[in-house]
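Please look over the sequence and the model shown below. The paragraphs that follow go through them step by step.

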Amino acid sequence: MKLSNFIIVLLVGISFAMFGGCQEISEELADIDPEGVDTLRITMIAKSSDNPVFTTAKKGALQAAEELSEKYSMLHVEVDWETPATEDANRQVEIIRKAVRENADAIIVSCSDRDSLTSAINAAVDAGVEVMTFDSDAPESKRFTFYGPDDEKMGEMLADKLAELTEGKGKIAILGGNQDAPNLKKRINGIQNALADYPDMDNVGTYYHPENEVDAIALMDSVHKMYPDLIGWAMVGSWPLFGDKLMDIIEPGKIKIVAIDALPVQLKYVEQNYVQLLLGQPTFRWGKISVETIVEKLHEKEEVKEIIRLKPIPVSIENLGGWSRQLRAWGYTDIPEKYLVM
Amino acid sequence: MSAKNSQQTPQKDKLSNGQMFAYGLGGIVNNLLGGAIGFMSIVLNVGLGINPALVGTLQAIPRLTDAITDPVMGYISDKTRSRYGRRRPYIFIGAIAVGLMFALMWQLPPGNSEMFYFWFFLIGSIIFYLFYTMFATPWVALGYELTTDYHERTRLMGVMNFMGQFAWISLPWFYAIMENDRLFSDSVEGARTLAIVIGVFVAIVGAVPAIFLKEKFVAVDADSGEKKISMLEGIKKNVAEFLKGLVTTVKRPEFLKLCAGTFFLFNGIMLVGAFSSYITIFYVSGGDNDMGAKYMGLFGTINTISTLMAIAAVTWISSKIGKRKTFILATSITMIGSLLKWFSYDPMAPWKVLLPAPMIAVGMGALFTLMGSMIADVCDLDELETGERREGMFGSIYWWMVKLGMALAFGLSGYLLNATGFEVELGGAQSSSTFFWMRIVDVFIPAAAALIAIISVASFKITEERALEIRSELEKRKAKTAPVSAALSSE
């Protein structure tokens with residue numbers, strides 16, 4: 001063999017050894033299931049499958065399962081999506097019982113009703129199935145952890161931002177939604193506690209209403225008539241922002257509005273300056289972090305905190321484009337292109 | 001210079017494929033050693049829990065010791081006279097010693113404190129870098145002197161740079177190998193084993209240039225005929241000579257132009273390496289890590305293939321239009337590629353991030369192909385003016401400048417990212433102004449740096465004609481001193 005041919009052969013050999021060899025190891029990591037692989041079956045139960053926030057949570061869970069199955073050669077993670085079409089606590093109880101019967105290793109659940117689900121969760125844990133909650137907790141149950149926001153802290157963030165927007169003075173009101181909802185109560189507490197630091201801000205009241213757009217806007221309209229000098233709203237939910245009607249009763253920027261949740265339907269209010277701040281929840285992480293936490297506990301045998309906090313993301317005109325792209329990446333499809341290129 | 005004016009390489013100055021290949025193997029080892037610690041250091045944090053700031057310190061301190069050891073090694077090598085030459089003994093011993101040290105420094109015993117690991121690794125690193133310098137400095141210098149031909153030097157550097165790319169292809173896989181839970185119980189064990197494999201590879205392959213290559217130049221014994229002096233006086237004399245040589249080297253304008261060209265082009269791209277990843281993941285892909293990683297992977301693959309092609313193309317074009325013009329052409333393409341990024345970061349068409357990859361690769365492919373060759377030309381000019389061949393000194397200062405610049409670029413990169421307002425917890429929901437400044441940095445810093453590199457090298461005076469004149473003068477001088485050299489060679 002001529003020296004030049006020898007060199008070519010050797011170069012090709014080195015290429016294969018260094019590049020192909022690495023590729024082989026990578027493929028070995030990713031594709032081949034050796035004997036003795038531990039399969040971890042997780043049943044995921046959200047509140048309703050017709051709600052896009054839970055669809056993105058599902059996407060996060062599936063992505064985490066895929067990534068973790070690639071990372072650990074001796075582990076295969078399966079996520080079984082079992083969510084009622086519409087909110088139904090009894091149906092969730094049935095699904096938990098079915099998961100136990102079918103020998104699931106773990107259950108992730110967002111509780112539609114904490115009382116109904118507590119006993120079902122306890123029964124599952126007693127049967128050897130680990131349970132964690134996300135979004136909506138059942139704190140008296142035997143679940144090992146809850147992943148969700150600190151509602152009181154979110155309320156404080158709303159109040160602080162509203163104080164910044166109103167320069168710490170003037171009349172403001174709180175839109176409270178369902179008076180009996182525990183998470184909303186905590187948010188309202190957070191707002192009221194934080195407002196104590198702003199003596200020149202006058203909270204004219206907390207207003208409760210059925211959780212829909214029409215009732216929320218009707219209530220706001222009546223409050224505006226009672227207090228024509230009202231300059232701000234802190235909303236613990238985004239009910240008035242689920243359509244276009246709010247635009248008929250307020251002028252952009254005249255009344256400062258801060259609210260919790262930042263779904264695609266609400267973004268136009270930020271763009272047109274009707275709303276100055278939304279606190280968005282990274283719902284994709286509901287699924288992703290939950291699956292990762294289950295693997296940490298069951299596969300890695302690590303200690304897991306009783307409560308894992310989800311950090312809300314402030315959304316304003318400044319990061320409307322970034323937040324829109326993030327929503328798209330999480331699986332939302334109804335986002336106007338003009339936001340995606342901001 | 002047009003093709004018809006370009007000189008053909010005389011047969012005596014041509015290097016065989018085997019010689020080029022042997023030298024190129026050193027390129028693989030050099031790049032592997034240069035990059036391996038950086039790619040494996042993640043184990044210190046993830047596997048052993050060492051604070052990231054301490055890990056950063058571990059990587060920074062050897063850069064400071066390099067500032068002293070690199071030029072000293074260059075000086076020692078330049079001044080060495082032995083029957084095996086002034087480069088090969090150090091390459092041979094250095095390759096074995098650095099391979100052994102690399103394997104040893106990763107044998108981190110389990111169950112110790114963070115500070116134990118810090119000191120263990122720091123001491124290991126310093127010794128490792130000493131041996132690395134012992135291998136790399138003479139190897140670099142050997143490349144400058146293997147051939148005296150203007151174009152053959154570029155071809156040699158092209159082969160070396162081409163082969164050296166294979167190390168960069170393998171390095172990103174190291175973490176996956178160490179983390180493979182089927183091969184190793186944990187990443188620390190993975191690092192121990194991988195280090196032994198690399199150490200053996202380095203010791204064997206790194207010694208090849210020393211075994212199969214012959215040195216062209218023999219150091220002239222400037223002290224012959226002088227009276228014997230004491231050891232202390234000898235040290236003083238050598239230190240004085242070293243410092244004088246150092247000053248002479250850094251004062252040479254043509255060398256400084258090459259250093260500036262390299263510093264700006266290379267570090268301009270290194271500085272924003274992380275930015276490109278962040279923009280691709282968080283801006284273009286909206287925080288979708290999977291999608292971002294896919295595009296970064298494709299970008300890397302296109303970049304690597306393009307770099308390999310660029311090295312071949314640059315080597316050929318340089319023989320037609322000369323090194324300086326080729327460098328300016330290649331760097332201009334990189335500058336345009338960098339500017340193109342402004343338009344290619346499009347969240348509505350993420351695939352566009354791939355468009356600038358081949359253009360950016362051209363400059364990097366050209367850089368270390370042409371610079372090595374051009375420094376060899378400077379060494380000839382230096383010999384003409386000083387009567388000494390000091391490839392070791394030039395090579396060591398040049399590469400120390402590259403390494404220092406790279407360390408600075410990595411350090412500064414984090415500060416720049418913070419300055420844009422980037423907050424990792426926000427994921428893709430960064431503010432518009434943050435994304436704007438990230439893109440400004442990512443696009444305009446490498447473009448501006450490339451422009452400065454072009455300006456720096458544009459006035460480089462050693463053209464092919466001038467190189468031939470210098471070579472001719474040196475040959476005449478060599479002919480006059482041939483009897484002396486022959487006598488020295490036979491000692």
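Chain B carries 42 positive and 38 negative side chains, and the centres of these two sets are 8 Å apart. Here Lys and Arg count as positive and Asp and Glu as negative, while His and the chain ends are not counted. The place of a charge is taken as NZ of Lys, CZ of Arg, CG of Asp or CD of Glu.

This is a predicted model, in which local features need pLDDT of at least 70 and side-chain atom pairs count only at pLDDT 80 or more, while totals for chains, interfaces and linings use all residues. Residues are numbered from 1 along each chain as its sequence is written, chains are lettered from A and ligands numbered from 1 in the order in which they are written, and side-chain values use heavy atoms, with hydrogens and water left out.

Consider the overall form of chain B. The chain has 17 helices and 0 strands; helices (H or I, at least four residues) and strands (E, at least two) are DSSP runs, numbered from the N terminus. The radius of gyration of chain B is 23 Å, close to the 23 Å given by the globule rule for 491 residues, so chain B is as compact as a globular protein of that length. That radius is taken over C-alpha atoms, and the rule is 2.2 Å times the number of residues to the power 0.38. Along the principal axes, the C-alpha atoms of chain B fill a box of roughly 75 × 60 × 40 Å. Of its 491 residues, 55% count as buried, where buried means under 20% relative accessible area, exposed over 50%, and partly exposed in between (1.4 Å probe, protein chains only). Of the contacts in chain B with a separation of 6 or more, 83% are between residues 24 or more positions apart; contact means heavy atoms within 4.5 Å.

Next comes the interior. A nonpolar core is a set of buried Ala, Val, Leu, Ile, Met, Phe, Trp, Tyr and Cys residues joined through side-chain atoms within 4.5 Å. The largest one has 128 residues, and B:Met40, B:Leu44, B:Phe102, B:Trp106, B:Phe128 and B:Tyr398 have the most contacts inside it. Helix 14 (residues 357-386) of chain B gives the largest share of this core, 16 residues. A second, separate core of 89 residues includes A:Tyr147, A:Leu184, A:Trp239 and A:Val291.

Leaving out residues up to four places away in sequence, B:Trp106 touches, among others, B:Met40, B:Leu44, B:Phe121 and B:Arg192. B:Val98 lies in helix 4 (residues 88-105) of chain B and is buried at 0% relative accessibility. Apart from neighbours within four places in sequence, B:Val98 is in contact with B:Leu33, B:Phe128, B:Phe131, B:Tyr132 and B:Val202.

In chain A, some loop residues deserve a look. A:Tyr274 sits in the loop between helix 8 (267-271) and strand 10 (277-280), and with 9% relative accessibility it is buried. Its C-alpha atom is 7.6 Å from that of A:Met247, 27 residues apart along the chain. A:Asn103, in the loop between helix 3 (89-101) and strand 3 (106-109) of chain A, has a positive phi of about 60° although it is not a glycine. A:Asn103 is exposed at 58% relative accessibility. A:Lys301 also has a positive phi, near 55°, and is not a glycine; this residue lies in the loop between helix 9 (283-298) and strand 11 (307-310) of chain A. A:Lys301 is exposed, with a relative accessible area of 66%.
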